Amino acid sequence: MPARQLNTYQKERGGLRLLFLLLPILFTLVYWCGSMTWLKGALWMSRPHGAEQELLGKSQAWVKQEMQDFKQKLTQVYAARGSVLQIVREVLKDHDVQEEQTEEILQLTEVAIKKVLENYVLMPDWALEAIGATIDEERTSKSYGGEGMMTWQLSLFAFSSANPPATILQPSITPGNCWPFQGSQGHVVIRLPEHICPTAFTVWHISKAVSPSGEVSSAPREFTVFGVDEAMAETLLGTFTYDVHKEIAQTFHVQKELPRTFRYIKFQVQSNWGNPKYTCVYRVQVHGMTASDNTCRP
């Protein structure tokens, strides 16, 4: 084998070896952070459910306690970040990796850790039914169950035309498990478990690769998000575009940060990607902090 090809081969082999060395560390961090979110939902679902009024009365105090515990875990994750980088450095040294390459790998590892923290810890999802979020159905568009849905019902990934708006508050993103409304314009009003100062929103939709029909024309395209107060007055938080050619989960930050909190969030779709009959919303996440966590006021 020529020297140049041999050198390239050795570099590629070395890169793969390093990748396999780092993956267990990163997966461990992802698992640990992800389990924190899962645990919150599991604790809620395992609680003894009494009368609805009593449950709603306790939900706010329970969420606050959970967030306090969550922040303690966050401190531990930040403390562990330095330890992870040190472990990576030691592993690379044990395998005789050059200093220049070591620094590059450490930078990439830190970027990966940062993304894990952003996705699993720094942006908690408040629009989750498991922690008390609900749909204000009186102020939400009606579900669609007309022509076009039968193709889904007959597929392996059967979705019922009766999928309610609360479907968007579930973590499951499987083909057909979405909330459909008629046409390309509609809206849903989400009641959060407590007053939140919103900072960002994440919208999910399946990709063409897993769609039984081979296309995603029913995905939301242009949409607007409002904060709604108890008097039903709406405050614009931003106008955004979901791009079906990008990742299935896309996060949009509020375009104008306001020093106040909201209990209700209105997600209003203004267009979709071409389906004339209906639009399907898979999941909407609301990220933010409580008034006690920052300068937001109720």
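Guide: We will take the features one at a time, the general idea before the case. Keep in mind that this is a predicted model.

Visitor: Let us begin with the cysteines. How many disulfides are there?

Guide: A disulfide is a covalent bond between the sulfur atoms of two cysteines. The count here comes to one disulfide. Cysteine 178 and cysteine 280 form it, with their sulfur atoms 2.1 Å apart. The link of cysteine 178 and cysteine 280 is right-handed, with 65° about the S-S bond.

Visitor: Where in the chain do cysteine 178 and cysteine 280 sit?

Guide: They link distant parts of the chain, 102 residues apart. Cysteine 178 is in the loop between helix 4 and strand 2. Cysteine 280 is in strand 8, residues 278–281.

Visitor: Is cysteine 178 buried or exposed? What of cysteine 280?

Guide: Cysteine 178 counts as buried, because its relative accessibility is 0% and the cut-off is under 20%. Cysteine 280 is buried too, with a relative accessible area of 1%.

Visitor: Next, the nonpolar core. Which residues of the largest one touch the most other members?

Guide: In soluble globular proteins, nonpolar side chains tend to be buried together. The largest nonpolar core here has 39 residues, and Ile168 and Phe267 touch the most other members. Several strands give two or more residues to this core, among them strand 2, strand 4 and strand 9. Strand 3 gives the most, with six residues.

Visitor: What does phenylalanine 267 contact?

Guide: Set aside its neighbours within four places in sequence. Phenylalanine 267 is then in contact with residues including Val188, Val203, Phe223, Val225, Val281 and Val284. There is also a second, separate core of eight residues. Val84, Val88, Leu92 and Val97 are among its members.

Visitor: How do I read a strand? Take strand 7: how many of its residues are buried?

Guide: Look at its cover, then at its partners. Strand 7 is mostly covered, with seven of its eight residues buried. Seven bridges join strand 7 to strand 3, and the two run antiparallel. Isoleucine 190, for one, has isoleucine 265 in strand 7 as its bridge partner. Strand 4 also runs antiparallel to strand 7, joined by six bridges. There, valine 228 stands opposite tyrosine 264 of strand 7.

Visitor: Arginine 263 lies in strand 7. Is arginine 263 buried or exposed?

Guide: Arginine 263 is buried, with a relative accessible area of 12%. Follow its side chain. It reaches the backbone oxygen of leucine 192 at 2.6 Å. The side chain of arginine 263 also reaches the backbone oxygen of proline 193, at 2.9 Å.

Visitor: What else does arginine 263 touch?

Guide: Again, leave out residues up to four places away in sequence. Arginine 263 touches Ile190, Arg191, Glu194, His195, Val228 and Glu230, among others.

Visitor: Now the charges. How many salt bridges are there?

Guide: Side chains of opposite charge can pair when their charged atoms come close. The count here is five salt bridges. In one of them, arginine 89 pairs with glutamate 99, the closest N and O atoms being 3.7 Å apart. Arginine 89 lies in helix 2 and glutamate 99 in helix 3, so the pair ties together parts that are ten residues apart in sequence. Arginine 89 is partly exposed, at a relative accessible area of 30%.

Visitor: Which residue forms a salt bridge with arginine 283?

Guide: Aspartate 125 does, at 3.0 Å from N to O. This pair links distant parts of the chain, 158 residues apart. Arginine 283 is in strand 9, and aspartate 125 is in the loop between helix 3 and strand 1. Arginine 283 counts as buried at 9% relative accessibility. Aspartate 125 counts as buried at 11%.

Visitor: And which elements hold glutamate 234 and lysine 266?

Guide: Their side chains meet in a salt bridge, 3.0 Å from N to O. Glutamate 234 lies in strand 5 and lysine 266 in strand 7, so the pair ties together parts that are 32 residues apart in sequence. Glutamate 234 is partly exposed, with a relative accessible area of 42%. Lysine 266 is buried, at 11%.

Definitions and conventions:
Residues are numbered from 1 along each chain as its sequence is written. This is a predicted model: local features need pLDDT of at least 70, side-chain atom pairs count only at pLDDT 80 or more; totals for chains, interfaces and linings use all residues. Side-chain values use heavy atoms; hydrogens and water are left out. A disulfide is a pair of cysteine sulfur atoms within 2.5 Å. Helices (H or I, at least four residues) and strands (E, at least two) are DSSP runs, numbered from the N terminus. Buried means under 20% relative accessible area, exposed over 50%, partly exposed in between (1.4 Å probe, protein chains only). A nonpolar core is a set of buried Ala, Val, Leu, Ile, Met, Phe, Trp, Tyr and Cys residues joined through side-chain atoms within 4.5 Å. Contact means heavy atoms within 4.5 Å. Two strands pair if DSSP finds at least two bridges between them. A polar contact is a pair of N or O atoms within 3.5 Å; within protein, one must be able to donate a hydrogen and the other to accept it, and residues adjacent in sequence count only if both atoms are side-chain atoms. A salt bridge is a side-chain nitrogen of Lys or Arg within 4 Å of a carboxyl oxygen of Asp or Glu.
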